[in-house]
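Please walk through the model below with me, from a single pair of side chains out to the whole chain and back to its details.

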Amino acid sequence: MLLGFVSLLLAVFQDEIASKCIPENMAKKWIPCHYDKSTSKATSHLQISLFSNVGRRLLAEEVAASSCPTGKAPFVSVGVLHHLHYLIFILAIVHVVSCTVTVLLGEVKISQWRKWEESIRKQIDFNNDSNRIIDVRSLTFIKERFEGVDAEKRNYIMSFFKHLSGIVTKADYTAMRLGFILTHCNANQRFNFHKYMVYAYEADFQKVVSISWFLWIFVVISLTLNVASWNIYLWISIIPLILLLVVGTKLEQVITELAVYVAQRHTVIVGEVRIQPSDEYFWFSKPKFVLCLIHVILFLNSFGFAVFFWTLLKFGFHSCVMGEAKYVIVRIIVMVVVQTICSYSTLPLYAIVTQMGSSYNEEAMKRHGYVSSNRVTEDRILQGPNATTSVEMTNQ
């Protein structure tokens with residue numbers, strides 16, 4: 001609906017947009033193809049005659065002569081606006097399909113963790129010893145993540161490569177599961193953390209398919225800066241890759257910081273290792289900021305694919321609008337890499353790591369059929385210390 005509304009606005013204001021004029025000398029340079037001096041017509045910003053007095057409306061109507069005075073040319077011709085409607089339509093299809101495929105592939109990876117959840121819940125009754133003494137440094141979770149008190153730089157390097165490999169071990173899952181349950185579920189060890197995590201993941205990524213207003217501004221700027229020899233779309237394809245690597249490294253680093261926090265404060269503990277979730281582990285103390293960055297990553301990657309398909313369909317692979325073949329191939333490879341890493345590594349990491357914030361997803365908790373820990377505590381006070389609430393019985 002949003003994309004259709006933008007397309008409608010272009011149709012309504014096309015005459016006003018086409019009436020904006022710029023110097024002719026600038027117009028000859030501000031195009032995606034080099035200006036051909038041997039012809040009487042210049043190549044427009046999208047390989048359409050920018051200086052032609054006759055353009056084509058959306059319904060193939062004839063238009064009047066350009067209102068620009070001598071020595072000037074329209075910044076965007078009506079023909080260009082006509083082609084932009086195709087781009088908007090292709091962008092809508094590509095973005096929805098791309099996000100859907102990415103999220104579904106992420107769920108495939110997350111579904112592999114279900115066996116860990118089932119295994120942990122089966123062992124609850126056998127390992128329920130609140131008086132056992134644990135050497136913290138001997139725990140698998142700590143050994144895999146804690147490299148020493150002075151290993152901060154090394155930890156970031158390890159987090160970078162773990163993200164590329166999509167590494168989340170059973171020890172990581174077990175520790176974060178326990179931290180979430182102790183913080184938000186009143187230590188109910190039978191809480192189905194995997195089920196809740198999937199619900200939270202689905203609730204969050206309903207927002208990813210949308211296209212925010214600031215992303216539309218980026219689209220306009222990128223189309224405007226598509227000038228011959230600038231290879232703007234190559235640079236745009238690299239932005240999601242850089243953001244993806246930064247976000248993935250940060251998510252892995254959050255798991256490491258959880259381990260470091262415990263290892264630096266305890267040598268031996270009695271009972272369970274308590275992982276303390278906190279918003280302080282995330283940028284600006286906002287776990288949802290990571291979702292915003294992933295939203296931008298997926299859109300920019302979809303935009304790159306949409307521009308490629310649009311240019312291929314409207315102008316052909318060997319057109320000057322497409323650019324040099326070597327740069328096009330690099331763009332495609334980078335976009336496929338971003339799509340793959342985001343699907344199998346970054347999104348599954350996001351799904352579990354963002355549960356380590358100070359709060360929980362209320363919508364996912366409702367779908368799970370569970371209530372907050374405060375409600376469980378109140379029920380226990382009313383029913384007695386040995387009572388089991390109806391909600392806990394349902395989850396069991």
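Which side chain meets that of Glu324 in a salt bridge? The partner is Lys326, with N and O 3.9 Å apart. A salt bridge here is a side-chain nitrogen of Lys or Arg within 4 Å of a carboxyl oxygen of Asp or Glu. Glu324 is partly exposed, at a relative accessible area of 45%, and Lys326 is exposed, at 51%.

The model is predicted: local features need pLDDT of at least 70, side-chain atom pairs count only at pLDDT 80 or more, and totals for chains, interfaces and linings use all residues. Residues are numbered from 1 along each chain as its sequence is written, and side-chain values use heavy atoms, with hydrogens and water left out.

Now the chain as a whole. Its secondary structure comes to 16 helices and 4 strands. Helices (H or I, at least four residues) and strands (E, at least two) are DSSP runs, numbered from the N terminus. Of the 396 residues in the protein chain, 49% are buried. A contact means heavy atoms within 4.5 Å. Among contacts with a separation of 6 or more, 80% are between residues 24 or more positions apart. The protein chain exposes about 19,900 Å², and carbon and sulfur atoms supply 61% of that area. Accessible areas come from the Shrake-Rupley method with a 1.4 Å probe; for residues, only the protein chains shown count as cover.

The structure holds 3 salt bridges. Another of them joins the side chains of Glu117 and Arg177, at 3.1 Å from N to O. This pair links distant parts of the chain, since Glu117 is in helix α5 (residues 114-122) and Arg177 in helix α8 (residues 170-184), 60 residues apart. Glu117 and Arg177 are both buried. Lys288 forms a salt bridge with Asp204, where the closest N and O atoms are 2.6 Å apart. Lys288 lies in helix α12 and Asp204 in helix α9, so this pair ties together parts 84 residues apart in sequence. Lys288 counts as partly exposed because its relative accessibility is 44%, while Asp204, at 3%, counts as buried.

Helix α9 (residues 193-204) also holds His194. At 3% relative accessibility, His194 counts as buried. Neighbours within four places in sequence aside, the contacts of His194 are Ile110, Ser111, Trp113, Arg114, Glu117 and Tyr173.

Most residues other than glycine have a negative phi. Phe284, which is not a glycine, has a positive phi of about 55 degrees; phi of Ser285 is also positive, near 60 degrees. Phe284 counts as exposed, at 64% relative accessibility, whereas Ser285 is partly exposed, at 27%.

The loop between α12 (288-314) and α13 contains Phe317. Gly323 lies in the loop between α12 and α13 as well. Phe317 is partly exposed, with a relative accessible area of 29%. Leaving out neighbours within four places in sequence, Phe317 is in contact with Phe308, Leu312, Met322, Ala325 and Val328. Phe317 and Val328 are 11 residues apart in sequence, and their C-alpha atoms are 9.1 Å apart. Gly323 is partly exposed, at 32%. Its C-alpha atom is 9.4 Å from that of Tyr233, 90 residues away along the chain.

Helix α13 (residues 325-353) has 29 residues and should span 42 Å at 1.5 Å a residue; its end C-alpha atoms are 40 Å apart, which agrees. The expected span is 1.5 Å times one less than the number of residues. At Cys342, α13 bends by about 50 degrees, the bend being the angle between axes fitted to the seven residues ending there and the seven starting there.

Leu2 counts as partly exposed, at 41% relative accessibility.

Technical notes: Buried means under 20% relative accessible area, exposed over 50%, partly exposed in between (1.4 Å probe, protein chains only).
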